[in-house]
Amino acid sequence: MTAGDAPFGPAAVLACALACAAYLSGALRLRSRGDAWPWPRDCAFTAGAAVLAWGLSGALPGGPFTGHALRHVGVGMAGPALLVVARPLTLTLRLLPPGGLRRGLLRVAHSPPAAWLLLPPVAAAVDVGSLWVLYRTGLAAAAHHHPWLDGALHLHMAAAGLLFGAAICQLDPVRRRRSTALRATTLLLAGTAHAVLAKTLYATGPPGTAFTAADLRAGAQVMYYGGDAVEVALALVLAAGWYTAAGRRLRRAGGAVRGRARRTPPACPEADGGRATGRLSRPWAPGYGRR
């Protein structure tokens with residue numbers, strides 16, 4: 001576990017570049033056929049893929065633990081959050097023609113296991129809970145001596161970060177959308193647990209490791225402030241989703257009220273000149289009072 005460790009090297013860069021190219025070409029296909037696809041999503045996916053490639057392959061600055069903390073924030077938090085905001089599942093579903101492949105992908109997305117994993121408390125337990133296991137057991141020391149374990153842990157960080165971001169934001173189609181209150185509470189508690197872990201690492205390193213005090217404190221500060229920044233960004237995405245959904249509900253309610261008002265006849269014939277009842281309400285009009 002050194003600052004210059006590159007768990008996957010060029011393979012990570014190639015995989016991220018291919019994923020980015022596939023996403024951008026899919027967005028271009030949507031726009032070429034006349035469908036709308038906001039360009040900020042392209043930017044978010046490109047940035048997320050770049051962060052993952054940098055974290056999984058590049059040499060990171062600082063001491064061993066500082067570099068590891070930078071990799072953790074990038075690969076496990078910032079990169080996955082940017083990918084979630086880009087809505088890759090929505091893009092894929094809009095590109096696929098009606099048929100077995102599209103139905104199969106929807107079945108997976110709406111399956112009970114997916115709904116269980118995307119339950120915000122479960123996703124938070126997988127994401128933040130695994131960090132406590134990593135840094136408060138001998139797992140971090142074992143990863144330092146076994147490169148394959150270090151690579152597997154970073155892949156787990158990326159997958160857990162994607163799961164947590166998808167559970168909190170819920171931008172792509174899911175089986176059941178959880179309430180804003182549940183997602184906001186989960187985000188707050190997960191952020192608190194992450195901050196507490198960073199503070200404990202500031203004082204005491206992972207068991208079985210020997211980092212210098214300066215390196216340990218710098219890495220803990222990266223985890224603390226970097227984690228806060230990503231969690232604030234997720235909170236903003238959550239708030240924007242709530243605001244948009246509330247606006248849609250208000251517009252639907254207003255449209256329903258206007259529709260009922262158009263369909264409801266006036267209470268008295270004079271209100272519309274007698275058009276609702278077929279009688280004229282003006283005494284001086286020809287035929288007034290005739291039956």
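**Close-up views of a predicted model**

View 1. Look for Gly76, Met77, Asp127, Phe164 and Glu231, which are the closest to the cavity centre among the 19 lining residues.

**View 2. Several helices supply the lining of the largest cavity.** Two or more lining residues come from each of helix 3 (64-85), helix 7 (120-136), helix 9 (147-169), helix 10 (180-203) and helix 11 (213-263). Helix 3 gives the most, with five residues.

**View 3. The second largest cavity.** The structure holds two cavities of 30 Å³ or more, and the one shown here has a volume of about 30 Å³. Around this second largest cavity you will find Ala115, Leu118, Gln170, Val174, Arg175, Arg176 and Arg178. By class, its lining has three nonpolar residues, one polar and three charged.

**View 4. Helix 1 meets helix 2.** Here the axes of helix 1 (residues 10-32) and helix 2 (residues 39-57) come within 8 Å and cross at roughly 175 degrees. Because angles over 145 degrees count as roughly antiparallel, the two helices are described as roughly antiparallel to each other. On the helix 1 side, the contact includes Ala12, Cys16, Ala19, Tyr23 and Arg31. Helix 2 answers with residues including Trp39, Asp42, Phe45, Ala49 and Leu56. Altogether, this contact has 14 nonpolar, two polar and three charged residues.

Notes. Residues are numbered from 1 along each chain as its sequence is written. This is a predicted model: local features need pLDDT of at least 70, side-chain atom pairs count only at pLDDT 80 or more; totals for chains, interfaces and linings use all residues. Side-chain values use heavy atoms; hydrogens and water are left out. Axes are lines fitted to C-alpha atoms, for helices over the stretch in contact, and angles run from 0 to 180 degrees between N-to-C directions. Helices (H or I, at least four residues) and strands (E, at least two) are DSSP runs, numbered from the N terminus. Angles under 35 degrees count as roughly parallel, over 145 as roughly antiparallel, 65 to 115 as roughly perpendicular and the rest as oblique. Contact means heavy atoms within 4.5 Å. Ala, Val, Leu, Ile, Met, Phe, Trp, Tyr, Cys and Pro count as nonpolar, Asp, Glu, Lys and Arg as charged, and the others, Gly among them, as polar. On a 1 Å grid over the protein atoms alone, a cavity is a set of points where a 1.4 Å probe fits but cannot get out, and a pocket is an open set with protein on both sides within 12 Å along at least five of seven lines; lining residues have an atom within 4 Å of a point. Grid points are joined across faces, edges and corners, and a volume is the space filled by probe spheres set on the points.
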